[in-house]
Amino acid sequence: MSIKIDLSKCTGCKLCVKACIYSAIDVVEKKAYINNNCTLCGACVSACKYEAISISKKKKTAFDEGDYEGVWVFAEQKQGKLAGVASELLGEGRRLADELGVKLSAILLGEKINGLGKELIFYGADKVYIVDSPILKDRLDETHADVLVQLIREHKPEIFLAGATSFGRSLIPRVAATLETGLTADCTGLAIDKENKFLLQTRPAFGGNIMATIICPNKRPQMATVRPKVMKRAQRDDTRSGEIIEETILNPISSRVKLLGFIEELSDKVNLEEAEIIVAGGRGLGKADNFKLIHEMASILGAAVGASRAAVDAEWISYAHQVGQTGKTVCPKLYIACGISGAVQHLAGMQTSDYIVAINKDPDAPIFDVANYGIVGDLFEIIPVITTKLKEINGG
Amino acid sequence: MNIIVCIKQVPDTTKVKIDPETNTLVREGVESIINPFDIYALEEAIRLKEKIGGNVTVLTMGPPQAAEVLREAIAMGADDVYLLSDKAFAGADTLATSYTLSKGIEKVGQFDLIICGKQTMDGDTAQVGPEIAQKLGIPVVTYVSKIEDIENGQIKLKRMVEDGYEVIETETPLLMTVIKEINEPRVPSLRGIMKAKKIEIPIWDASDIGAEGEKIGLSGSPTQVVRIFAPEVSKEGEILEGEPTEIAEKLILKLKKGKVI
Ligand SMILES: Cc1cc2nc3c(=O)[nH]c(=O)nc-3n(C[C@H](O)[C@H](O)[C@H](O)COP(=O)(O)OP(=O)(O)OC[C@H]3O[C@@H](n4cnc5c(N)ncnc54)[C@H](O)[C@@H]3O)c2cc1C
Ligand SMILES: Nc1ncnc2c1ncn2[C@@H]1O[C@H](COP(=O)(O)O)[C@@H](O)[C@H]1O
């Protein structure tokens with residue numbers, strides 16, 4: 001297991017040196033050499049035009065491929081209501097299952113949730129595994145992970161997908177670590193490598209500056225969390241039929257973590273991850289009071305309110321609204337950025353939105369590079385007019 | 001109270017870009033920094049120690065130059081630091097990383113609390129924290145925004161989720177991952193900086209922490225990166241021009257047409 005440079009192929013072109021962010025390659029007398037900084041990330045392998053660099057890895061197959069079959073999606077729910085990402089996963093899972101010619105199953109855990117089973121079939125599942133138990137009442141990692149591990153060990157799916165929500169991103173790593181399999185976080189693209197039947201998992205890394213495609217060749221299941229709102233929702237079809245299987249779990253564990261209560265953010269619609277439309281404000285607003293312009297437009301559009309870090313740091317709005325690398329990652333249908341310059345850290349959190357509208361008085365602001373519609377001008381003049389127009393339309 | 005903090009040295013991602021023509025990373029002027037979330041983790045550990053007493057140990061796994069972030073940790077007020085460094089650790093994905101860190105934590109020995117950042121800026125996975133907890137068989141609470149109360153092994157926390165905050169009660173030993181809201185990190189004192197300069201950073205390799213070769217680095221990593229490429233360059237943007245009223249009308253029309261509103 002190591003990285004090798006075939007010196008007969010190396011031309012000393014230094015493409016690999018440029019590609020390495022860890023300064024791990026030195027070129028001496030027109031030949032490249034790897035030094036101690038190497039993390040084996042593989043960036044140089046893809047950068048080399050001469051195929052001179054290779055990373056070799058011992059092949060070991062710890063599973064019998066034939067044993068693992070089917071696509072599973074975790075149907076996240078809260079208090080008997082399915083999370084939006086569940087129908088997106090079913091849409092995507094259906095596509096993958098059809099491509100592989102296997103069944104699509106949904107996994108539903110909770111208390112008093114039997115009624116949701118049918119829904120999942122309408123959205124495309126062939127089978128629904130339900131565990132309905134008081135120990136699964138609260139969404140706690142330990143109990144849910146224990147149940148998922150037992151189900152996966154018993155039924156052996158080849159692919160397991162969950163939403164990259166706060167719950168999914170805490171729970172699923174626990175499952176993957178127990179099963180000692182790979183897990184790719186926050187994917188924005190999934191595909192099947194036909195030849196090997198591998199799941200190709202594409203995700204942004206380095207704060208969205210780079211996309212990486214990842215596989216899990218030698219362990220099963222292949223697991224991924226999927227960014228909400230990116231995949232297309234499955235169409236609901238009330239005529240679909242499928243199988244609902246109620247599972248009972250032997251010797252369930254109890255959680256050492258207890259949920260005492262929940263404090264809803266009541267001040268504004270803050271559920272940015274679920275919002276179809278987000279209106280966001282930045283430093284350009286000038287002061288806290290001016291956020292009312294954003295709130296007004298948002299309330300007419302039924303939108304959630306987002307903010308740049310600059311606005312949060314100035315304490316014009318709470319951190320729960322921050323979008324970006326150190327805030328939330330969102331993917332609404334429409335993102336309206338007002339007085340936000342579009343620093344890479346902000347873009348990292350919102351650039352996968354379907355439509356981006358930017359209002360900024362600086363024509364060179366980087367936000368315009370990602371905007372579908374740009375408005376160069378003073379937001380204090382433009383926002384009120386847009387809001388009034390929207391009101392007129394809604395009224396008439 | 002024995003607290004362990006896991007921090008990582010990451011490239012400053014503001015400066016990492018991909019050259020769309022050659023599809024390679026352009027690393028011009030990229031410096032290495034402490035992963036921003038990990039600074040909040042470290043600050044919270046030091047605050048707890050100041051409040052209730054104890055010891056703060058900081059671990060990082062990385063190449064030799066990652067010792068730099070441990071010096072910064074000393075400057076901020078950490079008591080002990082260890083660098084987990086071995087050529088065999090290279091190429092680790094989250095599973096191998098969390099295994100290696102959990103072996104390092106076992107070697108440190110006694111602990112009540114482990115604090116990690118919410119996620120790193122390079123890997124961006126947010127998986128290492130929960131995976132370490134699983135390896136050590138302890139509970140985990142992610143996205144912690146506030147420690148409300150900690151006494152006699154009982155701990156009360158607030159964590160941020162999509163639509164609000166959960167109030168959580170649990171017991172130590174515990175692993176938690178923290179978000180930016182939890183505190184305001186301090187600036188290292190001059191005394192701290194002087195101390196950090198002089199300190200010798202202990203380095204542990206795979207055999208020091210008793211890590212199995214099959215579970216570390218590339219061999220211990222089930223996932224494999226097969227392709228790295230530039231994100232799709234932005235959609236063809238259009239600048240809307242005219243008087244504010246005109247612009248507003250154009251915009252609404254376009255959004256209506258696109259069935260966005
Ligand atoms: C480690 C790290 C993590 C970070 N994480 C995040 C993150 O998660 N989210 C985030 O947002 N940022 C993050 N940042 C900060 C980021 O780099 C920027 O500083 C921040 O996004 C800037 O916010 P802004 O666009 O509101 O402010 P500015 O960059 O100051 O931009 C304000 C914009 O408003 C425009 N403007 C001013 N007045 C008007 C007007 N009257 N009409 C119209 N336009 C006007 C200006 O032209 C300017 O473009 C992070 C930074 C670091 C170092
Ligand atoms: N190599 C590492 N050394 C020490 N801590 C790490 C390392 N990688 C990840 N962590 C910790 O795990 C958290 C989550 O990392 P990640 O899963 O990469 O997003 C980070 O904020 C760190 O606290």
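Select T125(B) in this predicted model and display its surroundings: leaving aside residues up to four places away in sequence, T125(B) touches R169(A), A185(A) and R203(A) of chain A, together with T94(B) and Q119(B) of chain B. T125(B) is found in the loop that runs between β8 (113-117) and α4 (128-136) of chain B. Colour by accessibility next. Is T125(B) buried or exposed? Its relative accessibility is 14%, and because buried means under 20%, T125(B) counts as buried.

**The helix pair of chain B**

From T125(B), move to one of its contacts, T94(B), and select helix α3 (residues 94-108) of chain B along with α4(B). The two helices pack at an angle of about 55°, and their axes are 8 Å apart. The helices α3(B) and α4(B) are therefore oblique to each other. Viewed as a crossing, the arrangement of α3(B) and α4(B) is right-handed.

Show the side chains at this contact. On the α3(B) side are T94(B), L95(B), T97(B), S98(B), Y99(B), L101(B), S102(B), I105(B) and E106(B). They meet V128(B), E131(B), I132(B), K135(B) and L136(B) of α4(B). By class, the residues of the contact between α3(B) and α4(B) comprise seven nonpolar, four polar and three charged.

Now select β12, β13 and β14 of chain A and β14 of chain B. These four strands form an open sheet, ordered β12(A)-β13(A)-β14(A)-β14(B), with antiparallel pairing. Which strands lie at the edges? They are β12 (189-193) of chain A and β14 (224-229) of chain B, each of which pairs on one side only. From one strand to the next, the twist averages 25°.

Focus on the place where the chains join in this sheet. Strand β14 (residues 210-215) of chain A pairs with β14(B) in the antiparallel sense over five bridges. A212(A) stands opposite I228(B) of β14(B).

**A last stop in chain B**

Finally, select A67(B), which lies in helix α2 (residues 67-76) of chain B. With a relative accessibility of 14%, A67(B) counts as buried. Apart from residues up to four places away in sequence, A67(B) touches L83(B) and I201(B). To place A67(B) relative to A92(B), draw a C-alpha to C-alpha distance: the two residues are 25 residues apart in sequence and 18 Å apart in space.

Notes: Residues are numbered from 1 along each chain as its sequence is written. Chains are lettered from A and ligands numbered from 1 in the order in which they are written. This is a predicted model: local features need pLDDT of at least 70, side-chain atom pairs count only at pLDDT 80 or more; totals for chains, interfaces and linings use all residues. Side-chain values use heavy atoms; hydrogens and water are left out. Two strands pair if DSSP finds at least two bridges between them. Axes are lines fitted to C-alpha atoms, for helices over the stretch in contact, and angles run from 0 to 180 degrees between N-to-C directions. Buried means under 20% relative accessible area, exposed over 50%, partly exposed in between (1.4 Å probe, protein chains only). Contact means heavy atoms within 4.5 Å. Angles under 35 degrees count as roughly parallel, over 145 as roughly antiparallel, 65 to 115 as roughly perpendicular and the rest as oblique. A crossing is left-handed if the near helix is turned anticlockwise from the far one by less than a right angle, and right-handed if clockwise. Ala, Val, Leu, Ile, Met, Phe, Trp, Tyr, Cys and Pro count as nonpolar, Asp, Glu, Lys and Arg as charged, and the others, Gly among them, as polar.
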